[in-house]
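Dear colleague,

I am handing over the structure below, and after it you will find notes on what was found. Please keep it open while you read.

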Amino acid sequence: MNIAKSIKKQLAVAGKKVYLSDGEWISTPFKAVVEQTWRKNKTNFEDTFTAAGLASADYFIYIGPYDRDIMSLSENCVVIQDNDRYCFKKRERVEIAEGIVYHWGILRRLRGAEINDAG
């Protein structure tokens with residue numbers, strides 16, 4: 001079995017159901033890992049102003065299967081998990097000699113009006 005398929009099987013066990021959305025298009029559901037970064041290193045990269053005051057943006061790490069190409073989507077694409085929507089701040093393919101083995105990225109949770117403007 002190749003590495004990409006092995007990782008995809010592991011994501012099916014450890015991941016949660018997510019969708020990709022880009023404009024009017026929404027993908028079929030698949031399993032990926034979306035984990036908040038502060039749980040690992042207490043990192044919040046930027047603050048935002050809300051009606052309630054200053055709030056820290058929520059950043060997450062995305063790890064998805066090789067066959068869900070996040071690189072081909074527009075800058076306005078979003079990841080949907082449960083009732084949350086996330087935009088990519090950074091995204092990359094992870095490749096070895098046999099090709100793409102998985103995709104990863106940094107996500108920011110969308111709030112309020114951002115949700116209506118995205119995806």
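Which exposed residues does the face of H1 turned away from its buried side carry? They are Lys9 and Val13, where exposed means over 50% relative accessible area, buried under 20% and partly exposed in between, with a 1.4 Å probe and protein chains only.

Please note that this is a predicted model, in which local features need pLDDT of at least 70 and side-chain atom pairs count only at pLDDT 80 or more, while totals for chains, interfaces and linings use all residues. Residues are numbered from 1 along each chain as its sequence is written, and side-chain values use heavy atoms, with hydrogens and water left out.

The protein has 3 helices and 9 strands, which are DSSP runs numbered from the N terminus (helices H or I, at least four residues; strands E, at least two). Along the sequence they follow the pattern α-β-β-β-α-β-β-β-β-β-β-α, and buried residues make up 37% of the 119 residues.

In H1, the residues Ala4, Ile7 and Leu11 are buried. They cover an arc of only 65 degrees around the axis, taken from the directions from the helix axis to the C-beta atoms, so they lie on the same side of H1. What covers the buried residues of H1 includes strands E3 (30-36), E6 (59-65) and E9 (99-109).

With kind regards

Technical notes
Contact means heavy atoms within 4.5 Å.
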